[in-house]
Amino acid sequence: MEEKPLNSIDVEIGQRIKDRRKALSISQATLGEALGVSFQQIQKYEKGSNRVSVASLKTISTFLNTNPIYFYGDDSTVPQPGFAEAGDGFDVVKMLRDPELKLLSRAFIAIKDDNLRKSILCLVMSLGSTIEL
(Lines give C-alpha, C1' and ligand atoms only; values in the text may rest on other atoms or scores of the structure.)
Protein backbone atom coordinates (compact mmCIF):
# COMPACT_ATOMS: atom_id res chain seq x y z
CA MET A 1 0.00 0.00 0.00
CA GLU A 2 1.40 3.37 -1.04
CA GLU A 3 1.91 5.99 1.66
CA LYS A 4 0.40 9.38 0.82
CA PRO A 5 2.60 12.47 1.19
CA LEU A 6 2.02 14.75 4.16
CA ASN A 7 0.24 18.03 3.50
CA SER A 8 2.34 20.98 4.73
CA ILE A 9 -0.70 22.69 6.27
CA ASP A 10 -1.58 19.57 8.25
CA VAL A 11 2.03 19.33 9.45
CA GLU A 12 2.06 23.00 10.51
CA ILE A 13 -1.25 22.70 12.37
CA GLY A 14 0.00 19.53 14.06
CA GLN A 15 3.23 21.22 15.13
CA ARG A 16 1.29 24.16 16.57
CA ILE A 17 -0.97 21.78 18.51
CA LYS A 18 2.13 20.06 19.89
CA ASP A 19 3.85 23.36 20.77
CA ARG A 20 0.78 24.72 22.56
CA ARG A 21 0.13 21.44 24.38
CA LYS A 22 3.73 21.27 25.59
CA ALA A 23 3.71 24.94 26.62
CA LEU A 24 0.83 24.10 28.94
CA SER A 25 2.49 20.86 30.15
CA ILE A 26 -0.44 18.77 28.93
CA SER A 27 0.17 15.18 27.88
CA GLN A 28 -1.06 13.65 24.64
CA ALA A 29 -3.19 11.28 26.72
CA THR A 30 -4.88 14.17 28.54
CA LEU A 31 -5.61 16.02 25.30
CA GLY A 32 -6.85 12.79 23.75
CA GLU A 33 -9.18 12.22 26.69
CA ALA A 34 -10.64 15.71 26.25
CA LEU A 35 -11.29 14.95 22.57
CA GLY A 36 -12.48 11.40 23.14
CA VAL A 37 -9.61 9.92 21.11
CA SER A 38 -6.48 7.94 21.93
CA PHE A 39 -3.07 9.49 22.52
CA GLN A 40 -2.01 7.72 19.30
CA GLN A 41 -4.55 9.82 17.41
CA ILE A 42 -3.08 12.96 18.99
CA GLN A 43 0.37 11.78 17.83
CA LYS A 44 -0.98 11.44 14.27
CA TYR A 45 -2.50 14.93 14.44
CA GLU A 46 0.78 16.37 15.72
CA LYS A 47 2.83 14.67 12.99
CA GLY A 48 0.38 15.83 10.34
CA SER A 49 -0.29 12.29 9.17
CA ASN A 50 -3.98 12.64 10.08
CA ARG A 51 -5.94 15.78 9.29
CA VAL A 52 -7.65 17.49 12.22
CA SER A 53 -11.34 18.16 11.57
CA VAL A 54 -12.70 21.64 12.15
CA ALA A 55 -14.82 20.36 15.05
CA SER A 56 -11.78 18.71 16.68
CA LEU A 57 -9.66 21.82 16.13
CA LYS A 58 -12.32 23.92 17.87
CA THR A 59 -12.33 21.51 20.83
CA ILE A 60 -8.52 21.46 20.91
CA SER A 61 -8.36 25.26 20.86
CA THR A 62 -10.85 25.50 23.72
CA PHE A 63 -8.95 22.93 25.78
CA LEU A 64 -5.60 24.59 25.04
CA ASN A 65 -6.96 28.07 25.85
CA THR A 66 -6.37 29.59 22.45
CA ASN A 67 -8.19 30.66 19.32
CA PRO A 68 -8.50 28.18 16.42
CA ILE A 69 -6.83 30.81 14.19
CA TYR A 70 -3.61 30.29 16.17
CA PHE A 71 -3.20 26.87 14.55
CA TYR A 72 -3.14 28.51 11.13
CA GLY A 73 -0.20 30.74 12.02
CA ASP A 74 -1.56 33.82 13.82
CA ASP A 75 0.52 34.01 17.00
CA SER A 76 -1.32 37.11 18.20
CA THR A 77 -4.18 34.92 19.42
CA VAL A 78 -2.30 33.13 22.22
CA PRO A 79 -3.76 33.13 24.81
CA GLN A 80 -7.26 34.54 24.52
CA PRO A 81 -8.21 37.38 26.85
CA GLY A 82 -9.75 36.05 30.02
CA PHE A 83 -7.63 32.92 30.18
CA ALA A 84 -4.90 32.48 32.72
CA GLU A 85 -1.36 32.98 31.52
CA ALA A 86 1.77 31.19 32.66
CA GLY A 87 3.18 32.51 35.91
CA ASP A 88 -0.09 33.87 37.35
CA GLY A 89 -0.65 30.97 39.75
CA PHE A 90 -2.90 29.05 37.39
CA ASP A 91 -1.96 25.37 37.73
CA VAL A 92 -3.10 23.44 34.65
CA VAL A 93 -1.98 20.09 36.05
CA LYS A 94 -3.92 20.64 39.28
CA MET A 95 -6.96 21.68 37.24
CA LEU A 96 -6.79 18.51 35.13
CA ARG A 97 -6.72 16.35 38.25
CA ASP A 98 -9.83 17.95 39.76
CA PRO A 99 -12.77 15.57 39.09
CA GLU A 100 -15.35 18.40 39.20
CA LEU A 101 -13.41 20.44 36.66
CA LYS A 102 -13.10 17.37 34.42
CA LEU A 103 -16.87 16.90 34.54
CA LEU A 104 -17.47 20.60 33.95
CA SER A 105 -15.08 20.58 30.99
CA ARG A 106 -16.68 17.52 29.42
CA ALA A 107 -20.17 18.94 29.88
CA PHE A 108 -19.11 22.29 28.44
CA ILE A 109 -17.45 20.69 25.41
CA ALA A 110 -20.64 18.66 24.80
CA ILE A 111 -22.72 21.84 24.37
CA LYS A 112 -23.15 22.27 20.63
CA ASP A 113 -24.85 25.70 20.63
CA ASP A 114 -22.05 28.29 20.32
CA ASN A 115 -24.18 31.11 21.74
CA LEU A 116 -25.11 29.03 24.78
CA ARG A 117 -21.44 28.12 25.34
CA LYS A 118 -20.46 31.81 25.18
CA SER A 119 -23.22 32.73 27.63
CA ILE A 120 -22.15 30.02 30.06
CA LEU A 121 -18.50 31.08 29.76
CA CYS A 122 -19.43 34.71 30.48
CA LEU A 123 -21.51 33.64 33.49
CA VAL A 124 -18.76 31.47 34.95
CA MET A 125 -16.11 34.15 34.36
CA SER A 126 -18.26 36.80 36.01
CA LEU A 127 -18.95 34.55 39.00
CA GLY A 128 -15.27 33.69 39.28
CA SER A 129 -14.32 37.35 39.48
CA THR A 130 -16.87 38.15 42.21
CA ILE A 131 -16.52 35.12 44.49
CA GLU A 132 -13.65 34.98 46.96
CA LEU A 133 -12.29 31.50 47.51
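Let's start at N65. At 12% relative accessibility, N65 counts as buried. Buried here means under 20% relative accessible area, exposed means over 50%, and partly exposed lies in between, with a 1.4 Å probe and protein chains only. N65 sits in the loop between α4 and α5, and α5 covers 92-97. Its phi is near 55°, a positive value in a residue other than glycine. Most residues other than glycine have a negative phi.

A word on the source. This is a predicted model, where local features need pLDDT of at least 70, side-chain atom pairs count only at pLDDT 80 or more, and totals for chains, interfaces and linings use all residues. Residues are numbered from 1 along each chain as its sequence is written, and side-chain values use heavy atoms, with hydrogens and water left out.

There is another positive phi to show you. S25 also has a phi near 55°, and S25 is not a glycine either. S25 is in the loop between α1 and α2. Is S25 buried or exposed? S25 is exposed, with a relative accessible area of 54%.

Now the overall fold. How many helices and strands are there? The protein has seven helices and zero strands. Both are DSSP runs numbered from the N terminus: helices are H or I with at least four residues, strands are E with at least two. Along the sequence, the pattern reads α-α-α-α-α-α-α. The protein has 133 residues, and buried residues make up 27% of them. The accessible surface comes to about 9,200 Å², and 57% of that belongs to carbon and sulfur atoms. Those areas come from the Shrake-Rupley method with a 1.4 Å probe; for residues, only the protein chains shown count as cover.

Next, contacts, meaning heavy atoms within 4.5 Å. Take the contacts with a separation of 6 or more. Residues 24 or more positions apart account for 56% of these.

On to the core. The largest nonpolar core has 16 residues. Such a core is a set of buried Ala, Val, Leu, Ile, Met, Phe, Trp, Tyr and Cys residues joined through side-chain atoms within 4.5 Å. Those with the most contacts inside this core are I17, L31, L35, I60, L64 and F71. Four helices each supply at least two residues of this core: α1 (8-23), α2 (28-35), α3 (39-47) and α4 (54-63). Which residues does F71 touch? Leaving out residues up to four places away in sequence, F71 touches I13, R16, I17, L57, I60, S61, L64 and T66.

Look at α2. Q28, L31, G32, A34 and L35 are its buried residues. They cover an arc of only 160° around the axis, so they lie on the same side of α2. The arc is that of the directions from the helix axis to the C-beta atoms. These buried residues pack against α1, α3, α4 and α6, which spans 99-110. After α2 comes G36, with a positive phi near 80°.

Now α3. Its buried residues are Q41, I42, Y45 and E46. Their arc is only 140° around the axis, which puts them on the same side of α3. They pack against α1, α2 and α4. Just after α3, G48 takes a positive phi of about 85°.

Last, charges. Side chains of opposite charge can pair when their charged atoms come close. The whole structure holds five salt bridges. The test is a side-chain nitrogen of Lys or Arg within 4 Å of a carboxyl oxygen of Asp or Glu.

Here are three of them. E12 and R16 meet at 3.6 Å, N to O. They are four residues apart in helix α1, so about one helical turn separates them. E12 is partly exposed at 39%, whereas R16 is buried at 15%.

E33 and R106 meet at 2.5 Å, N to O. This pair links distant parts of the chain: E33 in helix α2 and R106 in helix α6, 73 residues apart.

D114 pairs with K58, the closest N and O atoms being 3.7 Å apart. This pair also links distant parts of the chain, D114 in helix α7 and K58 in helix α4, 56 residues apart. D114 is partly exposed at 39%, and K58 is partly exposed at 36%.
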